[in-house]
Protein chains: 2
Amino acid sequence: MSSPGSAAATAILKEEVDIVIPTIRNLDFLDMWRPFFEGYHLIIVQDGDPSKVIKVPEGFDYELYNRNDINRVLGPKAHCISFKDSACRCFGFLLSKKKYIFTIDDDCFVAKDPSGKEINALEQHLKNLLSPSTPFFFNTLYDPYREGADFVRGYPFSLREGVPTAASHGLWLNIPDYDAPTQLVKPLERNNRYVDAVMTIPKGTLFPMCGMNLAFNRELIGPAMYFGLMGDGQPIGRYDDMWAGWCVKVISDHLGLGVKTGLPYIWHSKASNPFVNLKKEYKGIYWQEELIPFFQSVSLPKECTTAQKCYIELSKQVKAKLGKVDEYFNKLADAMVTWIEAWDELNPSGPKSEALPNGSAK
Amino acid sequence: MSSPGSAAATAILKEEVDIVIPTIRNLDFLDMWRPFFEGYHLIIVQDGDPSKVIKVPEGFDYELYNRNDINRVLGPKAHCISFKDSACRCFGFLLSKKKYIFTIDDDCFVAKDPSGKEINALEQHLKNLLSPSTPFFFNTLYDPYREGADFVRGYPFSLREGVPTAASHGLWLNIPDYDAPTQLVKPLERNNRYVDAVMTIPKGTLFPMCGMNLAFNRELIGPAMYFGLMGDGQPIGRYDDMWAGWCVKVISDHLGLGVKTGLPYIWHSKASNPFVNLKKEYKGIYWQEELIPFFQSVSLPKECTTAQKCYIELSKQVKAKLGKVDEYFNKLADAMVTWIEAWDELNPSGPKSEALPNGSAK
């Protein structure tokens with residue numbers, strides 16, 4: 001099968017992609033990305049003190065928002081956007097008018113493949129998003145749509161068309177994305193294994209979605225890409241992307257959309273402080289033991305045919321079932337509703353992401 | 001975490017491994033495997049004309065069985081072992097008294113990794129079998145027990161012990177394992193992508209298990225490794241390993257065991273004739289569209305605490321639900337029962353593979 005994500009196809013997507021970057025510092029890291037990001041539009045979400053001036057290298061096309069902007073744009077709904085946490089990135093998802101989002105952290109640099117060639121992470125993400133996913137049956141030779149690969153013997157023919165891809169989760173060379181306890185136990189561990197594969201995470205299986213190097217189809221799944229209430233004034237941090245990932249996965253499963261993981265790699269340069277991380281994570285670490293069974297058992301009704309409807313339904317189930325774990329989840333459930341209200345307000349005539357549940361979407 | 005499958009650990013497993021090879025020709029291919037198979041015991045199952053003499057290279061420790069032996073050993077139960085199909089390999093699984101089985105086809109040679117080093121496929125399979133599996137949650141950095149890897153942030157701590165591994169499915173460089181239609185469409189496609197990963201296939205997800213390069217824990221899952229009724233006198237071929245794989249996966253899921261796929265690669269030298277294959281496969285190709293939903297919906301009762309009990313229960317469900325697809329499945333369901341009777345007869349004092357359903361086994 002030919003790959004729909006050829007070089008020519010991705011080049012013309014410049015009008016359909018926004019790159020969202022949450023940051024608290026000058027964006028010197030963009031210099032390294034210049035060959036790959038030039039011509040694309042950036043949405044920079046400045047976290048922390050809004051009076052601080054963030055320098056962006058010359059030659060990039062960008063808009064920059066700080067906390068004052070968030071308050072101005074969202075008014076009373078601004079509380080749903082976290083402060084002092086990279087969860088603030090989802091404000092950029094809200095403002096974008098593009099079909100695809102690539103979000104990347106400012107400590108992520110261009111990685112090299114085993115041949116020494118610099119990896120165009122954005123191009124690979126777009127390839128992943130433009131080719132179908134295969135969530136209903138596992139293909140042992142990984143992505144069947146990739147050049148030189150296909151479905152293996154025994155793969156049902158009725159499933160070979162695949163389903164639309166909602167999200168593409170990229171990985172990290174150098175500093176792996178470990179939790180604080182693992183960072184403490186293995187301070188020197190580095191990831192230098194380049195695994196040359198992209199795969200669909202099967203339907204019904206949850207995964208830990210990291211927000212460092214992530215792309216998604218905003219039309220299909222954008223309303224579910226909410227990074228929750230983290231950081232300043234909240235009892236928890238560093239679970240923003242995990243929360244979004246669990247929501248995205250159960251909603252993608254319900255809508256018959258796919259989520260991929262694997263290529264592309266970025267080079268993650270700096271491990272965050274494990275002691276600080278432990279403080280941020282520790283409630284997440286034990287709450288998670290209740291959150292996972294909750295998400296594993298979530299069932300959405302047939303009437304939920306859009307990401308918005310699914311997300312509102314999910315917020316109700318969060319309140320009903322997780323509210324008793326901690327009062328925090330009642331607050332989070334309310335914020336989920338506020339987020340969707342903000343989404344609908346800022347995206348009034350946006351493309352309708354009607355998808356058929358449990359089947360091939362539109 | 002340290003890997004339980006160190007070199008020292010695998011060296012001593014010579015007493016616990018049988019290598020099972022189905023064949024119709026002289027086993028010259030073993031010469032290339034000599035550095036890796038020497039000292040291990042081989043069980044060779046000769047298919048086709050029993051009067052033909054199969055030559056085995058000097059220096060290997062082996063036993064060889066042909067159709068006459070199968071009839072002699074199994075008597076009236078011999079009909080459950082296929083004739084003129086590589087499905088006959090499961091006779092070797094039945095006769096073995098070892099804990100681990102590695103089965104390989106005689107057109108599979110030693111592959112090289114990207115550094116040019118010859119791959120010890122058996123050693124990698126044993127590493128896979130000796131380290132736990134993680135079927136309940138997806139780890140984005142692949143096998144978390146491998147050196148240089150671990151569980152990523154957001155992976156529930158309660159699931160990090162993993163579960164025992166029942167089977168290890170290896171892959172193929174050069175000739176990929178395609179069905180006849182794909183072989184016909186892409187006669188020149190070769191697999192030259194070395195993906196440096198081992199992963200657990202998530203619970204609830206089916207996969208196409210190929211018997212070419214496969215290892216398993218005979219104590220845990222042996223009774224489910226039945227390759228069905230194929231070849232001579234049967235309406236179907238080339239679905240023997242697929243059938244076994246679907247049974248193994250649903251039973252492993254029920255018993256709380258893991259199934260891995262990925263490394264090791266072998267070099268698959270010769271594509272079988274696609275026209276002949278099409279004739280063998282064609283009923284499988286459309287029956288499969290009913291078999292997959294059947295296996296996806298199989299539910300085994302709590303009382304099924306061993307692979308044997310699960311397999312007998314599965315045979316009943318095959319008869320009840322697939323008998324109406326074709327009379328063949330009634331015959332197959334009966335053969336599944338015969339297989340278990342033969343297993344119990346030949347393994348009377350075998351280790352009890354009691355495992356707890358849906359949790360950590362013994």
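Where does Pro264(B) lie? Pro264(B) lies in strand 9 of chain B, residues 258–268. Helices (H or I, at least four residues) and strands (E, at least two) are DSSP runs, numbered from the N terminus. This is a predicted model, in which local features need pLDDT of at least 70 and side-chain atom pairs count only at pLDDT 80 or more, while totals for chains, interfaces and linings use all residues. Residues are numbered from 1 along each chain as its sequence is written, chains are lettered from A and ligands numbered from 1 in the order in which they are written, and side-chain values use heavy atoms, with hydrogens and water left out.

Stay with that proline. A cis peptide bond joins Leu263(B) to Pro264(B), with omega about 5°. In chain A, a cis peptide bond links Leu263(A) and Pro264(A), and omega there is about 5°. Pro264(A) sits in strand 9 of chain A, residues 258–268. Another backbone feature is found at Lys84(B). Its phi is positive, about 60°, although Lys84(B) is not a glycine. Lys84(B) belongs to the loop between helix 3 (67–74) and helix 4 (90–95) of chain B. Most residues other than glycine have a negative phi, and most peptide bonds are trans.

Now look at where the two chains meet. Chain A brings 62 residues to the contact and chain B brings 61. Contact means heavy atoms within 4.5 Å. About 5000 Å² is buried between chain A and chain B, and carbon and sulfur atoms give 57% of that area. Phe138(A), Arg153(A) and Arg193(A) supply 17% of the area that chain A buries against chain B, more than any other three residues. Buried area is the accessible area (1.4 Å probe) that two parts lose on being put together, summed over both.

Charged pairs also link the chains. There are ten salt bridges between chain A and chain B. A salt bridge is a side-chain nitrogen of Lys or Arg within 4 Å of a carboxyl oxygen of Asp or Glu. Over all chains, the whole structure holds 34 salt bridges. Arg153(A) pairs with Asp177(B) in a salt bridge, and the closest N and O atoms are 2.9 Å apart. Asp177(A) forms a salt bridge with Arg153(B), again with the closest N and O atoms 2.9 Å apart. Asp177(A) lies in the loop between strand 6 (165–174) and helix 6 (180–185) of chain A, and Arg153(B) in the loop between helix 5 (121–130) and strand 6 (165–174) of chain B, so the pair joins two chains.

Next come the helices of chain A. Helix 8 (residues 240–255) packs on helix 9 at an angle of about 15°, with the axes 11 Å apart. Axes are lines fitted to C-alpha atoms, for helices over the stretch in contact, and angles run from 0 to 180 degrees between N-to-C directions. Helix 8 and helix 9 of chain A are therefore roughly parallel to each other. Angles under 35 degrees count as roughly parallel, over 145 as roughly antiparallel, 65 to 115 as roughly perpendicular and the rest as oblique. From helix 8 of chain A, the contact uses Trp243(A), Trp246(A), Cys247(A) and Val250(A); from helix 9 of chain A, Gln288(A), Leu291(A), Ile292(A) and Phe295(A). By class, this contact has seven nonpolar, one polar and no charged residues. Here Ala, Val, Leu, Ile, Met, Phe, Trp, Tyr, Cys and Pro count as nonpolar, Asp, Glu, Lys and Arg as charged, and the others, Gly among them, as polar.

Follow helix 9 of chain A (residues 274–297) to helix 10 of chain A (residues 307–322). Their axes come within 11 Å and cross at roughly 130°. That makes helix 9 of chain A oblique to helix 10 of chain A. Glu290(A), Leu291(A), Phe294(A) and Phe295(A) of helix 9 meet Leu314(A), Gln317(A), Val318(A), Lys321(A) and Leu322(A) of helix 10. These residues divide into six nonpolar, one polar and two charged.

Finish in chain B. Helix 9 (residues 274–297) and helix 10 (residues 307–322) of chain B pack at about 135°, their axes 11 Å apart. Helix 9 of chain B is thus oblique to helix 10 of chain B.
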